Amino acid sequence: MEQYNVLVVDDEKEIRDAIEIYLKNEGIKVIKAADGIEAIEKLNEQPVHLILLDVMMPRQDGITTTFRIREDKNIPIIILSAKAEDTDKILGLQVGADDYVTKPFNPLELIARVKSQLRRYVTLGTYEGKAKVIDLNGLTLDQSSKKVTAHGEPVKLTPIEYKILELLMTNAGRVFSINDIYERVWKEPSYNAENTVAVHIRKIREKIEIDPKNPRYLKVVWGIGYKIEK
């Protein structure tokens, strides 16, 4: 891998230091912050390619920090949480996180997820063949600039949201199952992926549809999966 900067945000110094050791062994530079406020400051000081972000922190928690980062940045965010309940994971995804790792985590799994997100971020929207502009009745995706517009207005998507939308738009009319979407976008075997995919689909709808409850573009095919209408 080329040199990447990963911002590790956790109020426990031991965890920050341990993650730094894991990532430095992979040739990744680590920037450390003890809470969300310090994380925002670090983001404004130097380039960051990915953020590992704890949920429970003083001054500013991980959920609030994710929300604020997503106001103007699409950097991949992996939530670190000691809570294993689905509701906590879903909340992180809802506010814009791309993935989550539950504490205590396996170092090999953490490294794999970091590398996976970095690959997607750096090669965002890369498919075989020539990049093109896809226009489906007012919903437009430019594979070169990675920009999306709906009804003439720019749409700000996270890297994962973009990848899902690009997959569906480049295959307009084709139905993809939840497992298909997860394995093609996350590049790993699908296991209990329903909530993860559903949260991202809902966020995409909120951004591209005039009425998300009666979507014009992103349709569910009950019992099968999702598709983008031609």
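## Terms and model

Helices (H or I, at least four residues) and strands (E, at least two) are DSSP runs, numbered from the N terminus. This is a predicted model, where local features need pLDDT of at least 70, side-chain atom pairs count only at pLDDT 80 or more, and totals for chains, interfaces and linings use all residues. Residues are numbered from 1 along each chain as its sequence is written, and side-chain values use heavy atoms, with hydrogens and water left out.

## The aromatic pair

The structure holds one aromatic pair (ring centres within 6.5 Å; Phe, Tyr and Trp count, Trp by its six-membered ring). The ring centres of tyrosine 182 and tryptophan 186 are 4.7 Å apart and their planes lie at 5°, so the pair is stacked (planes under 30 degrees apart).

Both residues sit in helix α7. They are four residues apart there, so about one helical turn separates them.

## Arginine 70

Where is arginine 70? Arginine 70 lies in the loop between α3 (62-69) and β4 (77-81). Its relative accessibility is 11%, so arginine 70 counts as buried.

Leaving out residues up to four places away in sequence, arginine 70 touches (heavy atoms within 4.5 Å) several residues, including Ile75, Val95, Asp98 and Lys156. Thr158 and Pro159 are also among them.

Notes
Phe/Tyr/Trp six-rings, centres within 6.5 Å; stacked < 30°, edge-to-face > 60°. Buried < 20%, exposed > 50% of the residue type's maximum accessible area, 1.4 Å probe, protein only.
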